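The exercises below concern aromatic rings and the charges placed over them. Work through each task before reading its solution.

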Amino acid sequence: KVFGDSRGFFMESYNKKLFQENGIDIDFVQDNHSRSAKDVLRGLHFQLPPFAQDKLVRVIKGEVLDVAVDIRKDSPSYGKWESVKLSEENKKMFLVPKGFAHGFLVLSESADFEYKVSNYYSPEHDRGLRWNDTDINVEWGISNPQLSEKDANQPFFKDLKDTF
């Protein structure tokens, strides 16, 4: 709920009790914040067990297209993706469970992206997927995003060896 008036707004961005009442009982252990310029694409990232992470993501400034890809081999939606626009205006949050690769594309001039995670970062368990893999075919709406070297060279979906 967002409570606004002429002075601005107030909202609770996280309330463990309300999440639990709605069937989401996750122990978040760390908050992260990134700022990225327009057309920056970060992802698609995930961590392997035992360091897999649930992520609760939101945008506090700007707008992004946020994407989650199901990489759980036994799932009926294996290899399928979902996306949602997150912005400072709509104040939506997106829960990305363990077993999903996650990424986002900045649609505004810049974006501040915040997220809670349920496990700590482990470089040895860090993995990713190629953002433009045609087997997944995410509709990013861009053909030449700004990428890190790491993200530009992630493996393709068919070549994933370590998944869930």
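Phe19 is buried, at 15% relative accessible area, where buried means under 20%, exposed over 50% and partly exposed in between (1.4 Å probe, protein chains only). The model is predicted: local features need pLDDT of at least 70, side-chain atom pairs count only at pLDDT 80 or more, and totals for chains, interfaces and linings use all residues. Residues are numbered from 1 along each chain as its sequence is written, and side-chain values use heavy atoms, without hydrogens and water.

**Exercise 1.** Classify the pair formed by Tyr78 and Phe157 and state which parts of the chain it ties together.

Solution.
Step 1. The ring centres are 5.0 Å apart and the planes meet at 45 degrees, so the pair is tilted. Rings of Phe, Tyr and Trp (its six-membered ring) pair if their centres lie within 6.5 Å; planes under 30 degrees apart are stacked, over 60 edge-to-face, the rest tilted.
Step 2. Tyr78 sits in the loop between strand E6 (63–70) and strand E7 (81–87), and Phe157 in the segment after helix H2 (149–152), so the pair joins parts 79 residues apart in sequence. Helices (H or I, at least four residues) and strands (E, at least two) are DSSP runs, numbered from the N terminus.
Step 3. Phe157 is buried at 12%, whereas Tyr78 is partly exposed at 29%.

**Exercise 2.** Which residue lies over the face of Tyr14?

Solution.
Step 1. The criterion is NZ of Lys or CZ of Arg within 6 Å of the ring centre and within 35 degrees of the ring normal.
Step 2. Lys116 lies over Tyr14, at 4.9 Å from the ring centre.
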